[in-house]
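Thanks for asking me to look this one over. My comments follow as numbered points, to be read with the model open beside them.

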Amino acid sequence: MKAKITDEIKEIFSQGVNWAKLEIEYVKLTAAEKLIILMSVLIIGAIFMLLLLPVFIMFLFALAGVFKMFMAPPLAYLSVGGIVLILLALVYLLRNQLVINPVAKFVSRLFLDKRTKNNS
């Protein structure tokens, strides 16, 4: 009788250790998946910004060219510079709504939503 109970306890312990190993592997795979998604979004965002920067500069020079028709060239470039400074100030003032909240929402959705879906 004792040997049978001891064997059953050893089997349960062995299954528990196996389950723990599988859970650790699952956590590793899930973390790797989430890290890959996060890094790919960051890389795509960086590439998008690098490609968008020359377009933005071209639009600013075009705007300066339009302003040159109505005012002196130095004043046209100063006006475009002022517009860029105003846009930068707006982005800084609205950084929570434009940058921080969307990033926090993305990261929290990435790390939290799938766990709750898997558990239910």
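1. A word on burial to begin with: a residue counts as buried when its relative accessible area is under 20%, as exposed when that area is over 50%, and as partly exposed in between. By this rule, buried residues make up 7% of the 120 residues in the protein. Please keep in mind throughout that this is a predicted model.

2. On to the fold. The protein has three helices and zero strands, and from the N terminus on its elements run α-α-α. The radius of gyration is 28 Å, whereas the globule rule gives 14 Å for 120 residues, so the protein is more spread out than a compact globule. Along the principal axes, the C-alpha atoms fill a box of roughly 100 × 25 × 20 Å.

3. What does the surface look like in numbers? The protein exposes about 10300 Å², and carbon and sulfur atoms supply 76% of that area. As for charges, there are 13 positive and 7 negative ones, and their mean positions are 15 Å apart.

4. Which rings form an aromatic pair, and in what geometry? The count comes to one aromatic pair. Phe61 and Tyr77 make it up, in an edge-to-face arrangement with 6.3 Å from centre to centre and 75° between the planes. Phe61 belongs to helix H1 (residues 2-68) and Tyr77 to helix H2 (residues 73-93), so the pair ties together parts that are 16 residues apart in sequence. Tyr77 has a relative accessibility of 39%, which lies between the 20% and 50% cut-offs, so this residue counts as partly exposed.

5. There is also a charge over a ring to look at. Arg95 lies over the face of Tyr92, at 4.2 Å from the ring centre.

6. Is Lys34 buried or exposed? This lysine, placed in helix H1, has a relative accessible area of 5%; that is under 20%, so Lys34 is buried. Lys34 and Phe111 are 77 residues apart along the chain, yet their C-alpha atoms are separated by 7.0 Å.

7. Val80 has its place in helix H2. Its relative accessibility is 7%, again under the 20% cut-off, so Val80 counts as buried. How far apart in space are Val80 and Ile36? From C-alpha to C-alpha the distance is 40 Å, and the two residues are 44 residues apart in sequence.

Terms used. Residues numbered from 1 in each chain as written. Predicted model: local features only at pLDDT ≥ 70, side-chain atom pairs only at ≥ 80, totals over all residues. Heavy atoms only, no water. Helix = DSSP H or I, 4+ residues; strand = E, 2+ residues; numbered from the N terminus. Rg over C-alpha atoms; globule rule 2.2 N^0.38 Å. Buried < 20%, exposed > 50% of the residue type's maximum accessible area, 1.4 Å probe, protein only. Areas by Shrake-Rupley, 256 points an atom, 1.4 Å probe, with all protein chains shown as cover. Lys, Arg positive; Asp, Glu negative; His and termini not counted. Charge placed at Lys NZ, Arg CZ, Asp CG, Glu CD. Phe/Tyr/Trp six-rings, centres within 6.5 Å; stacked < 30°, edge-to-face > 60°. Lys NZ or Arg CZ within 6 Å of the ring centre and 35° of its normal.
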